[in-house]
Amino acid sequence: MPEKLGRLTGWGRTAPTIARVLEHPDRAELATAVRAADARGVIPRGLGRSYGDAAQNAGGLVVDMTAFNQIHSVDTETGIVTVDAGVSLDKLMREMLPHGLWIPVLPGTRQVTVGGAIAADIHGKNHHVEGSFCNHVLAIELLTADGEIRTVTPDGPGADLFWATAGGMGLTGVVLRATVQLKSVESAYFLVDTERTKDLDDLMSRLMDNDDQYTYSVAWFDSASTGAKMGRAVLTRGWSAKLDDLPAKLRSAPLKFNAPQLATVPPVFPSGLLNKLTVSAFNEVWYRKAPKERRGEVQNITQFFHPLDIVGDWNRVYGPRGFLQYQYVVPYGAEDTVRKSMEMISASGAVSFLNVLKRFGAGNAAPLSFPSPGWTLAVDIPITDRLAPLLDKLDQLVLEAGGRLYLAKDSRLTPDAFRSMYPRLAEWQKVRDAVDPRGVFNSDLSRRLML
Amino acid sequence: MIDAVGNPQSLLLLGGTSEIGLAIVDRFADQRPLRVVLAARPSERLDEAAERLRAKGCTVSTLAFDARKPETHEEVVDKAFSDGDIDVTVVAFGVLGDAERAWQDVEHAREMAEVNFVAPVTVGVALANRLRQQGHGAVVALSSVAGERVRRSNFVYGSTKAGVDGFYLGLGEALKPHGVQVTVVRPGFVHTKMTKGMKAAPLAAQPEQVAEIAVTAVRRRQDLVWAPGAWRFVMSVLRHIPRAIFRKLPI
């Protein structure tokens with residue numbers, strides 16, 4: 001089997017480690033590799049969009065899953081598809097749109113695999129009404145530590161393994177295939193309401209007011225402003241556009257995949273360009289360019305879902321030390337925590353331009369699934385010498401409010417903090433110990449969090 | 001694992017009573033308590049150091065390590081790794097010796113060569129084997145500006161440090177493809193028990209300052225740093241002074 005040493009990082013390009021990478025195995029080769037795993041273990045890897053160390057395995061084996069990329073069946077009547085774990089949401093979207101089918105949960109990028117979407121139980125702008133990815137998964141075909149393949153469903157026998165795999169960060173086995181319930185749509189466009197809020201209170205009250213009327217909702221906030229302007233934001237919310245909503249020129253091809261990418265960041269990007277001044281300016285411009293209020297605008301996929309995908313490889317702009325994304329959720333009622341954390345971030349001078357605040361709806365049955373009812377905030381921050389203490393303080397704040405961090409983004413939590421944030425860990429651990437008693441599935445993340 | 005912002009979870013200090021070494025552990029522990037293995041000859045000082053780190057919330061174990069028994073070094077390193085990965089290893093042991101005695105007394109010269117050069121090489125090779133297997137990790141090697149250009153006034157010490165400096169810089173290159181970062185730290189005069197009673201040289205530093213520089217270098221994954229940083233410029237001048245003039249300098 002072709003194996004080679006690879007230096008791997010997550011999307012944040014921090015903490016590189018070396019693993020043997022098993023490239024493009026078939027099912028039999030993969031099962032053999034899992035059975036033969038040594039003490040350093042095995043972890044599957046998709047497109048490497050987890051920010052931290054979830055898909056790397058120092059000294060062990062990493063399986064590149066992107067060759068498992070077939071869409072096996074589509075039922076255009078019911079919207080049920082069966083796909084390989086390595087199929088990207090980008091590919092799935094392109095192939096399903098002509099059938100009028102839409103992926104029920106999309107994160108900030110389409111460049112993630114179905115396997116990764118399950119392992120992280122990803123969420124999107126519609127979480128408050130439609131939940132996270134695994135809520136829409138009907139079955140998972142899982143290669144477990146014994147080298148056997150089993151099919152698990154959300155409520156049949158093996159439901160506990162299904163829910164331990166949902167959000168389980170690849171540590172229960174390798175997802176080979178999944179059956180997913182898609183949504184039907186009339187177009188690939190969105191009807192969007194944009195509002196500019198003057199500060200955090202204004203933002204939160206508008207979100208509390210009528211968020212549930214919208215399928216999709218997210219707020220970008222200015223992370224550079226302090227004082228009275230703190231938390232000023234651009235709130236964009238909308239629905240999938242119906243045929244009648246579209247202007248005449250779009251009506252002829254309503255399901256056309258329309259997601260332009262304009263440029264790619266070069267491999268060597270002058271890191272000095274990102275500093276407090278330029279990021280403050282960016283925050284100012286981003287806020288100003290939004291209309292104060294605009295209703296019913298028709299937007300395409302990139303405009304509405306993936307504004308960052310307009311530039312490829314954008315993670316390179318953060319320079320050689322890389323960056324991380326800090327994302328937490330705190331329950332409703334912890335609005336003060338949101339305010340305090342925003343104050344700490346803007347006062348620290350940490351530069352961030354991807355700043356998101358959104359409301360989560362109900363969580364699901366997965367013990368390690370991240371979303372739970374409350375406020376989720378995410379910021380992108382480049383690594384600097386001063387960052388570690390700031391984030392440790394933020395962890396403390398989040399913990400005190402009964403909140404938690406998102407493992408797909410995390411790259412620095414301690415085992416203790418993690419345990420306090422995920423009180424259902426023991427349930428998950430029990431299922432995992434039963435299915436993988438030898439501890440075959442390991443990653444840098446599992447080693448760091450002592451899972 | 002060393003996390004995205006450079007916090008390690010475990011550390012092996014070879015030279016478990018070294019003041020600079022312990023200052024480095026303190027620096028990491030103050031940010032986040034970690035699992036520490038202190039390797040040194042058993043002594044009260046070692047136990048005190050362990051106690052002090054425990055009081056900071058660290059999990060500490062001690063390991064008998066004698067720099068002058070190179071045949072035991074592989075076993076010592078294996079034991080240090082027996083409780084799991086070691087994220088950061090600090091190679092901090094050494095002797096300053098008596099400069100004049102050292103070049104005239106065979107036994108004293110041998111002690112310095114064994115402790116300052118042979119032992120760092122034997123532990124270095126044993127470490128490299130383990131670190132290659134785990135596919136990640138950082139090593140901090142305490143070198144000295146004395147090794148950068150060896151002077152008449154302490155050339156036995158200086159030559160051992162020159163050797164160790166070259167070895168760890170080379171080891172860093174060899175280990176880079178295996179995911180391991182080696183950082184060579186070159187301090188100047190540092191106020192420690194090793195230099196007690198000696199007249200402080202220019203740019204003298206406290207162990208805490210050297211530790212701060214070493215820890216920042218680990219977080220930044222740097223190959224080579226001077227402590228304090230000004231030494232880099234002083235040494236780049238001194239390195240190029242012709243011998244005829246160099247020998248007349250009061251250093």
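This is a predicted model: local features need pLDDT of at least 70, side-chain atom pairs count only at pLDDT 80 or more; totals for chains, interfaces and linings use all residues.
Me: In chain A, what is the order of the open sheet of four strands?
Reply: The pairing in this sheet is mixed. β1 (residues 3–8) and β2 (residues 17–23) of chain A pair in the antiparallel sense over six bridges, whereas four bridges join β2(A) to β4 (residues 61–64) of chain A, which run parallel. The edge strands are β1 and β3 (42–45) of chain A, each pairing on one side only. The order is therefore β1-β2-β4-β3.

Me: Which residue of β2(A) is the bridge partner of Leu8(A)?
Reply: β1(A) and β2(A) are joined by six bridges in the antiparallel sense. On the side of β4(A), Leu22(A) stands opposite Val63(A). For Leu8(A), the bridge partner in β2(A) is Thr17(A).

Me: Where in chain A does UniProt place the feature "domain: FAD-binding PCMH-type"?
Reply: The feature comes from an unreviewed UniProt entry. In the model, the span is 20% helix and 28% strand, and its end C-alpha atoms lie 39 Å apart. The record places the feature at residues 14–185 of chain A.

Me: Which strands stand at the edges of the eight-stranded open sheet of chain A, and why is one side of each left without a neighbour?
Reply: The order of this sheet is β16-β12-β14-β13-β19-β20-β18-β21, and the pairing is antiparallel. Each edge strand has a single partner strand, so one side of each is left without a neighbour in the sheet. The strands at the edges are β16 (293–299) and β21 (404–405) of chain A.

Me: How many bridges pair β12 with β14 in chain A?
Reply: β12 (residues 190–197) and β14 (residues 233–240) of chain A pair in the antiparallel sense. Phe190(A) stands opposite Ser240(A), and the bridge partner of Thr194(A) is Thr236(A).

Me: Which residue of β16(A) stands opposite Glu195(A)?
Reply: β12(A) and β16(A) run antiparallel. Five bridges join the two strands. The residue of β16(A) opposite Glu195(A) is Glu293(A).

Me: Which helix of chain A lies across β18, β20 and β21?
Reply: Helix α10 (residues 335–348) of chain A lies across β18 (323–330) and β20 (374–382), running at about 10 degrees to β20(A). The helix asked for runs at about 15 degrees to β18(A). That helix comprises residues 387–400 of chain A and is α11.

Me: How many helices and strands make up the secondary structure of chain B, and what is its radius of gyration?
Reply: Chain B comes to nine helices and seven strands. Along its principal axes, the C-alpha trace spans about 55 × 35 × 35 Å. The globule rule gives 18 Å for 251 residues, and the value for chain B is close to this, so the chain is as compact as a globular protein of that length. The radius of gyration is 17 Å.

Me: Are α5(B) and α6(B) roughly parallel or roughly antiparallel to each other?
Reply: The axes of α5 (residues 106–134) and α6 (residues 155–175) of chain B come within 9 Å and cross at roughly 10 degrees. Angles under 35 degrees count as roughly parallel. The two helices are therefore roughly parallel.

Me: How do the residues of the contact of α5(B) with α6(B) divide by class?
Reply: Among the residues from α5(B) are Met112(B), Phe117(B) and Leu131(B). Those from α6(B) include Lys161(B), Phe167(B) and Leu171(B). The division is 15 nonpolar, four polar and one charged.

Me: Which elements give two or more residues to the side of chain B that touches chain A?
Reply: The contact takes 19 residues from chain B and 25 residues from chain A. By class, the side of chain B has four nonpolar, eleven polar and four charged residues. The elements are α5 and α7 (207–220) of chain B.

Definitions and conventions. Residues are numbered from 1 along each chain as its sequence is written. Chains are lettered from A and ligands numbered from 1 in the order in which they are written. Axes are lines fitted to C-alpha atoms, for helices over the stretch in contact, and angles run from 0 to 180 degrees between N-to-C directions. Angles under 35 degrees count as roughly parallel, over 145 as roughly antiparallel, 65 to 115 as roughly perpendicular and the rest as oblique. Two residues are in contact if their C-beta atoms, placed from the backbone, lie within 7 Å. Ala, Val, Leu, Ile, Met, Phe, Trp, Tyr, Cys and Pro count as nonpolar, Asp, Glu, Lys and Arg as charged, and the others, Gly among them, as polar. Two strands pair if DSSP finds at least two bridges between them. UniProt positions are given in the numbering used here, feature names are shortened, and annotations may be inferred rather than shown by experiment. The radius of gyration is taken over C-alpha atoms; the globule rule is 2.2 Å times the number of residues to the power 0.38.
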